[in-house]
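Let's take a walk through this model together. Have the sequence and the 3D view ready, and follow along step by step.

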Amino acid sequence: MTDGLEAMWSSQDIYGPIVPRLQHALAAAGTRRVIDLCSGGGGPWIRLARDLAESGEPAPAVLLTDKYPNQPAFERIRVATGNAVGFHPDPVDATRIPPELAGFRTMFTTFHHFAPHEAKAILKDAFDQGQGIAIFETPKRDARTLLMVFLVPLLALGLVPRIRPFRWSRIFWNYCLPVIPFTLWFDGVMSCLRSYSQADLRESIAGFTSENYRWEVGEERGRWASITYLLGCPVRRGELEDLELAAAEIEKPT
């Protein structure tokens, strides 16, 4: 399943539209190190690392983490990205990040898996430790997104022959006995129903306020899907106005 999700995110460049916003958030936080949480099979990082490298800004060093790290998948991504994306081999709980894993935290289409009190703990931990965090979610509780989920099994089936390394088991579970396409569809529907709206995200950060920390909630429209985002980052003194001007430039219609 995680192989299939990674292949879909990469082939369609689902998260490409958020690159400028992520770059500005990294600049505001004053770091070029990304700690990706709940990475699963590596998420969108093969394509996203390339997009960041081509953006004209210095590419960040990315570290994949997970409570149940999939080290073979992480190793494949490390090789595929030429060491631009590394990984942490030990389990990492997203609600309690070890202090040695300092850096800008990211989560891609995984935040909805957490109950409200757990989601709030993830945000509070970033706020308390003064670390930036970016939540990006494609699932939404609306009819259009739910309809798009019905296309996911078809897209997954088309991408199976291109996933490396080749495995006969993947052919069996996708074509002979289509458990994986059904599970991807079911997981997509449940993800939409469990997703957090922008209002939910604003409620999650209520009470986490500081003149040295800035939150932003919004939506980025892409070709295939709209991406709901929550950004939190420490802002160094004197840079808040520059950050707001940069955000305004991103919002300008093209």
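Helices here are DSSP runs of H or I with at least four residues, numbered from the N terminus. Keep in mind as you look around that this is a predicted model.

With that in hand, start with the overall build. Along the principal axes, the C-alpha atoms fill a box of roughly 60 × 40 × 40 Å. Of the 254 residues, 48% are buried. And if you take the contacts between residues at least 6 apart in sequence, 74% of them join residues at least 24 apart.

Now for the aromatic rings. A pair of aromatic rings is described by the distance of the centres and the angle of the planes. Searching the whole structure turns up 14 aromatic pairs.

Is phenylalanine 186 buried or partly exposed? Buried means under 20% relative accessible area and exposed means over 50%, so phenylalanine 186, at 44%, counts as partly exposed. Elsewhere, Tyr15, Trp45, Phe108 and Phe136 come together as one aromatic cluster.

Next, have a look at the empty space. Rolling a probe the size of a water molecule over the atoms shows where empty space is left. The second largest pocket has a volume of about 370 Å³. Its lining is made of 17 residues, and Glu6, Ala7, Ile46, Ile163 and Arg164 are the ones nearest the centre of the pocket. Helix 1 (2–12), helix 3 and helix 4 (71–80) are the elements that each give two or more residues to this lining. Helix 1 provides the largest share, five residues. By type, the lining residues of the second largest pocket split into seven nonpolar, three polar and seven charged.

Finally, zoom in on two spots in the backbone. Cysteine 38 has a positive phi of about 55°, although it is not a glycine. You'll find cysteine 38 in the loop between strand 1 (33–36) and helix 3 (45–53). With a relative accessible area of 22%, cysteine 38 is partly exposed, because buried would call for under 20%.

Threonine 109 is the other spot: its phi is near 50°, again a positive value in a residue other than glycine. It sits in the loop between strand 4 (104–108) and helix 5 (116–129). Is threonine 109 buried or exposed? Its relative accessible area is 12%, so threonine 109 is buried.

Conventions:
Residues are numbered from 1 along each chain as its sequence is written. This is a predicted model: local features need pLDDT of at least 70, side-chain atom pairs count only at pLDDT 80 or more; totals for chains, interfaces and linings use all residues. Side-chain values use heavy atoms; hydrogens and water are left out. Buried means under 20% relative accessible area, exposed over 50%, partly exposed in between (1.4 Å probe, protein chains only). Rings of Phe, Tyr and Trp (its six-membered ring) pair if their centres lie within 6.5 Å; planes under 30 degrees apart count as stacked, over 60 as edge-to-face and the rest as tilted. On a 1 Å grid over the protein atoms alone, a cavity is a set of points where a 1.4 Å probe fits but cannot get out, and a pocket is an open set with protein on both sides within 12 Å along at least five of seven lines; lining residues have an atom within 4 Å of a point. Grid points are joined across faces, edges and corners, and a volume is the space filled by probe spheres set on the points. Ala, Val, Leu, Ile, Met, Phe, Trp, Tyr, Cys and Pro count as nonpolar, Asp, Glu, Lys and Arg as charged, and the others, Gly among them, as polar. Contact means heavy atoms within 4.5 Å.
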